[in-house]
Amino acid sequence: MRNDTLKHKGLRNQLAQQLEERGIQNEKVLDAVRAIPRHLFLDKTLEAHAYEDRAFPIGAEQTISHPYTVAFQTELLEVQSGMKILEIGTGSGYQSAVLSYMGAEVYTVERQLELFRKAEIFFRTFQWKPKHIGYADGCEGLSAHAPFDRIVVTAGAQDIPNPLLSQLSIGGILVIPVGVTQQKMTVIERKGLKEFHKTTYGDFQFVPLLNSTEGLS
Ligand code: SAH
């Protein structure tokens, strides 16, 4: 495991302050940004830039999301300690680590074999780890462990996959970016068995959520 130094901690404090200035208010989210060493989720050559509000390549044509995007999605999730959360798109594992740090029981799935393997190895020695990492198509959800209090999709979806709605607990929240070239951050609250309430937020740009036949390694 690479080092986490006082300098890194200082850069994380600055990043958290920037996110707060941009409107992130939830202290638990900001605490997680201050705590999780984002540089460890990036290639060593990018380490000097790890605490800039930027997305970076992580292999398999995928990216780690901007810290602002991670913080924004996490804030919308209204995470409470002990909640069961499904993440679609493990990628680097950073979002999973943030949610795990906040006390959630995290189930995460990744569609790219290379990234799944890398995350699995990384989390063997990392303190804040998800409870389950799977190599699977997240459009199907994760029925063996459903229902979930929260579901977060970290890739851009053309439509909202039905299994994600049916695997949400009543009272649960799904946060999913929806759109083709740009995505509207979309929050779905499950109010009853067949009652869902939708709210949309600003525009974001995500790598695409692959459907069931695309991108199989
Ligand atoms: N949460 C990640 C963001 C990674 S980018 C992080 O913190 O780094 C989105 C990820 O979604 C990519 O790794 C991509 O491979 C994955 N992905 C895309 N379609 C998917 C699908 N259908 N099921 C699971 N993962 C998917």
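1. Glu61 counts as exposed, because its relative accessibility is 77% and the cut-off for exposed is over 50%. The residue sits in the loop that runs between E1 and E2. Its backbone deserves a look in this predicted model: although Glu61 is not a glycine, its phi is positive, at about 60°.

2. Glu78 also has a positive phi, of about 50°, and is not a glycine either. This residue comes just after H3, in the loop between H3 and E3. With a relative accessibility of 48%, Glu78 counts as partly exposed, since a residue has to be over 50% to be called exposed.

3. Helix H3 itself, residues 67-77, is mostly covered, with 10 of its 11 residues buried. Among the buried residues are Pro67, Tyr68, Val70, Phe72, Leu76 and Leu77. The list also includes Thr69, Gln73 and Thr74. An α-helix has 3.6 residues a turn, so residues three or four places apart point the same way.

4. His49 belongs to the loop between helix H2 (27-35) and strand E1 (56-59). Its relative accessible area is 31%, so His49 is partly exposed. Thr69, one of the buried residues of H3, is 20 residues away from His49 along the chain, and their C-alpha atoms are separated by 17 Å.

5. Which residues come nearest to the ligand? Of the 27 residues around it, they are Ser92, Glu110, Asp137, Gly138 and Leu210. By class, the shell consists of 12 nonpolar, 11 polar and four charged residues. Strand E2 (62-64), strand E3 (84-88), helix H4 (94-101) and strand E4 (105-110) each provide at least two shell residues. E2 gives the most, with three.

6. A side-chain N or O atom of Glu110 is 2.5 Å from an oxygen atom of the ligand. On the backbone, an N or O atom of Gly89 lies 2.9 Å from a ligand nitrogen, and an N or O atom of Leu210 lies 2.7 Å from a nitrogen atom of the ligand. The ligand on its own has 580 Å² of accessible area, and the protein covers 99% of this. The space that the ligand takes up is the largest cavity.

7. Arg111 is placed in the loop between E4 and helix H5 (113-124). Is this residue buried or exposed? Its relative accessibility is 9%, so Arg111 counts as buried, the cut-off being under 20%. A polar atom of the Arg111 side chain lies 2.9 Å from the backbone oxygen of Asn211.

8. Two prolines should be noted. Pro147 is found in the loop between strand E5 (132-135) and E6, and the peptide bond that joins Ala146 to Pro147 is cis, with omega about 0°. Pro161 lies in the loop between strand E6 (148-153) and helix H6 (162-166). Because its relative accessible area is 12%, Pro161 is buried.

Key: Residues are numbered from 1 along each chain as its sequence is written. This is a predicted model: local features need pLDDT of at least 70, side-chain atom pairs count only at pLDDT 80 or more; totals for chains, interfaces and linings use all residues. Side-chain values use heavy atoms; hydrogens and water are left out. A residue is near a molecule or strand if one of its heavy atoms lies within 4 Å of it. A polar contact is a pair of N or O atoms within 3.5 Å; within protein, one must be able to donate a hydrogen and the other to accept it, and residues adjacent in sequence count only if both atoms are side-chain atoms. Accessible areas come from the Shrake-Rupley method with a 1.4 Å probe; for residues, only the protein chains shown count as cover. On a 1 Å grid over the protein atoms alone, a cavity is a set of points where a 1.4 Å probe fits but cannot get out, and a pocket is an open set with protein on both sides within 12 Å along at least five of seven lines; lining residues have an atom within 4 Å of a point. A molecule sits in a cavity or pocket if more than half of its atoms lie within 2 Å of its grid points. Helices (H or I, at least four residues) and strands (E, at least two) are DSSP runs, numbered from the N terminus. Ala, Val, Leu, Ile, Met, Phe, Trp, Tyr, Cys and Pro count as nonpolar, Asp, Glu, Lys and Arg as charged, and the others, Gly among them, as polar. Buried means under 20% relative accessible area, exposed over 50%, partly exposed in between (1.4 Å probe, protein chains only).
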